[in-house]
Structure formats: C-alpha cells, structure tokens
Amino acid sequence: MAGESANWWQTGVIYQIYPRSFQDSNHDGVGDLRGILHRLPYLEELGVDAIWLSPIFTSPMADFGYDIADYTDVDPLFGNLADLDSLIDAAHRHQLKLILDLVPNHTSDKHSWFVDSKSSRNNPKRDWYIWRDPAADGGPPNNWLSEFGGSAWAFDPNTNQYYYHTFLSAQPDLNWRNPAVRDAMHDVMRFWLGRGVDGFRVDAVWYLIKDDQFRDNPLNPLFQPGGLPRDALIPFYTADLPEVHEAITGMRRVLDEFPDRVLLGEIYLPIERLVAYYGRDLKGVHFPYNFALLTAKWEARSLAQLIDEYEAALPSGGWPNWVLGNHDRPRLATRVGPNQVRVAAMLLMTLRGTPTLYYGDEIGMQQAAILPEQVRDPFEKNVPGIGIGRDGCRTPMQWDGTKSAGFSEADPWLPIADDFREVNVNSLSKDKGSLYWLYRRLIDLRRKHVALAEGSYKPLMASGELLLFYRELRKERVLIALNMGPEPIAVSFPEERVSGRVLLSAFADREGEEVSASFDLRGNEGLVMKLDSDRRDN
Ligand code: GLC
C-alpha cells in the first residue's frame, strides 16, 4: 500500500504517446513536438498525470527512433532541443510529468560511437560494441538470433569481425560490460534529468548483458515451425542475465541524484522473472512494466488468477502496474472486441497499481488494416506475415472526422484507420455515454477515491465471467464488479451485509443507484461501487 507519501508515478496515470502519430504541426505527415504541445490541454482534460514519449532523438529511423544516432539531441523530424524544452515547461504548467524513452541497449549504426568503433580494431571505441571473430567456417561466431529475424551477428568486411545486434543490424548493441559505456549512458541520463525530464522508460533493458563466453543458446523444444524465427532458441545466454541487475542499479543511482524522478523498465518476461527487476532493496527500476494483460486470455477466471499471481509475486513494497496497449502489440479494442472495451477500461483503471494508457485507446482506436505496400515496420518487413505487424497499432491519432482525422494536413506516414469518421475525439467527446467519457470518469474517480489510487486489492470468490474485487484503504471500500461475458449475471453476497451506491457504470446509466447484498450486471457491464463501511463524506 502506498499510504500517505505516495509518489506521482504510483497514484498517477501514464499516457504513452507515439510521437510520429500524435499530431503533426509542420505538415509533413509525421507528428512532432509542437503538435504534442498543442494537444496538452486535451491530455490535461482527460486527466492523465504523466506522458511518456517514445524516442524523439536524432535517428535515421530504421526502427522509427529506437535507433539513436545522438542521445542528446532531437531529430529534426520532431523539432529541436528548444521545442523539447518548451514542451517540458508547458507539460509542467499543465500538471503533467514528462517521461522520455531511454534506449541504452543499442545505438544506430550511424551513431559516432559506432562509426568510430567500426573504423578499426584499434579504435578506442572498439570495445564499446560487441565484436567477435568469425567462426572457423567464416560464419557468425555463434547461433544467437536477432529478435527481428535472422542471425544476431552482422559481418564487417573492413575489420573482418562480426558485431552483435539484438534487433536490426542497423541497431548494434552497446557493450554494457565496458564501464566507459555505462558512464556515457549515465551522462545521457544526467543531460535530460538536468533539463527537467521526470524520468525514463528504459527500452529493452533485460537484454543489456550477454554471456561473456558467447555460448550457443539452447534449442527451444517447444518451437513450432512457422513461429517467429527467434523463438527457435531459448535466449538463455542473451537475455535476463544476473549481471543485468547491477547495470540497472547503476542507472537508478544516477536517477536518484535528482529528486522525484522515475525509472520504468521495458521487460517482457514471465511474472516470476519480471519481479526481480525491482532490484535488491527496491533499487532496480521503480517498476518493470507488467505486460501480462497484453497476451492474457480475456476470460474472467484466468484474469483473476493472473492478477493473484502478480500480486503474490511482488516483492515487499514493490509497486504494481498494468498495461493494456503499446506501440508493439495489437490494439486493445481489436483484441478484446467492441463489447468488452469498456470493461477493459474499467479493469485498467481500478486494478492496484499505475495504469499506462496508450494513445488512442481512450477512444477505442482499432488495429488498422495495413496493405503490403503500406508496411513501414522493419520487423514486419524482415519477418513478413508472422511478424507482429506493429504498423496497425501506430496509425495517426483520430482527432476529428476531417481529412487525415485532424492529425495532419499532409498525407500521413501511415494510413488513418477506416473508422475515423465515427471514432474520433471530437465526436466521442460530445457523447457523454462514450468510451472517451468513461475513461475520463475513471481517471477522475482514481483522483477522488484514495482506495482506488492507493488501496489494497482484495479479490472476492466469483465464478463464470464475473470478476469481483475490493479496493480498500483505511475506511474507504470500493467494490468493482466486471462482467466479462455477454450474459447477465446476478451477483449476491449471502454471507455479508452490503450496502452502498454505484459510483460509475460501464454504460453511464446507473450512477447513484443503491447497491445491496445482491445486484445484477447486464452482459458486458461493469460497476464501480462505493460501500457504506466508509463513513467519510465524499
Ligand atoms: C523495444 C521497443 C520496440 C523496438 C525495440 C528495439 O522493444 O518497444 O518498439 O523496436 O525495443 O529498440
């Protein structure tokens, strides 16, 4: 429980912006910093507390900004340093924290560090990256695979060695065993923290350290032909190595030189491995992103179990968090379907822990259909058809029903989803029963009810498609009942006297209704109820 001294990153809602797709201000079809600045009032009205920007740094855009050529400058596509300074100031004036993406695992192959490193075997930067001699047959040094398909080793004919890349060959991995690399990245952090940035989401952080003996990864016995090529091996020697925690603690130490900042880790691992990233004495990341709901079966019993497992696995004092969408996974509205999209919103905003909301999910943006000739995502290009097709969740924000959905006056870099004339901020904000308004009310409720923002999570026995839990802090008790199926459910508590009232309902038509020991839920309905055991007046 966070208690009275809870931090902003615990009680607040984080909103992820994919800058290329939020708002274009200079008519080039790509979103930019001034565009984001212009939309800050929208974010303040929505009620979120922090924004996290996917990378805006100088980049050749091989992986749309996750390939960085200069960590301490802004790519001209997005604006310049002065624009970022203005955005930081304006965000703070709008009561919004600003989190940047830190990409420490790899640079762009155009970064001067790599250009130097590649120039000769004797260059002082040679050991800033991971270089190895070819195998006896001239092939790659070992069997390690790239996340984006093919070998993780790229050959440099000039110096006759291979370099390692977890992702694209245009994204060479830094050598985190080299203290000079750590120092350089720490300086990058200080550069931004000194400019007033409130923290970092750290990209791909569980990949930072690789086996120093370069042993082959074992074959994955569960691999199915036709699956993602990388899944043919178990990344035993390339990911989640014990020494990674020491590297993260180093970053955390730098972060803690500045007051009230946050370090969040992007880590895709099973829950029992994930929670190790809170670090010894909670000196790792403030929280490792919990992506369990992105792939979970949308079914009440399995979700109840997953939530219990996660809560049970958290280290003492470790703060939870939940994610329903991001720029790497198919859109929420498409995954859960139109009937469950409101229930999903209610789940995200009522579970214990920090919610991260992906731009456009608040209006129910769908995974857009991308034609083969429209594909931009390098992962999809490398592994066509079985890549995870990340373009469809990165299409421009749908602001209104005009051409290009109010995103840009030019042709946008990715197509606008087909439904933009109906599904857009302008039309949904005029309809108080819309999904957009449900998110607004949910975010507002978290502000008003400390039990929702900080209270404990208490699951209640339930069956079928019913998910039932309390959030509780001191005398305040909030009951959440979610119907994850299309059939009505009669809820009853035979053993307890329950009374209270509905604070918020999925279809915005039961607010204020009295609640007793039994009540009904319509199909796909959720209710947030305040129970009378709370004697405070609010
Ligand atoms: C992270 C990012 C993803 C990117 C990859 C390589 O997983 O979320 O978008 O492609 O890192 O940087």
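Does Ala 490 count as buried or exposed, and what is its relative accessibility? Ala 490 counts as exposed because its relative accessibility is 62%; exposed means over 50% relative accessible area, buried under 20% and partly exposed in between (1.4 Å probe, protein chains only).

## Basis of the model

This is a predicted model, in which local features need pLDDT of at least 70, side-chain atom pairs count only at pLDDT 80 or more, and totals for chains, interfaces and linings use all residues. Residues are numbered from 1 along each chain as its sequence is written, and side-chain values use heavy atoms, with hydrogens and water left out.

## Ala 490 in strand E17

Ala 490 lies in strand E17, residues 489–492. Strands (E, at least two residues) and helices (H or I, at least four) are DSSP runs numbered from the N terminus. Beyond its neighbours within four places in sequence, Ala 490 is in contact (heavy atoms within 4.5 Å) with Phe 519 and Asp 520. Its C-alpha atom is separated by 8.7 Å from that of Arg 522, a residue 32 places away along the chain.

## The loop between E3 and E4

Met 61 belongs to the loop between strand E3 (57–58) and strand E4 (70–74), and Phe 64 is also placed in the loop between E3 and E4. Met 61, not a glycine, has a positive phi of about 70 degrees; for Phe 64, likewise other than glycine, phi is positive and near 50 degrees. Met 61 is buried at 13% relative accessible area, and Phe 64 is buried at 6% relative accessibility.

## Asp 377 and its contacts

Asp 377 occupies the loop between strand E13 (354–358) and helix H13 (378–382). With 0% relative accessibility, Asp 377 counts as buried. Apart from neighbours within four places in sequence, Asp 377 contacts Phe 64, Gly 389, Arg 390, Asp 391 and Arg 394.
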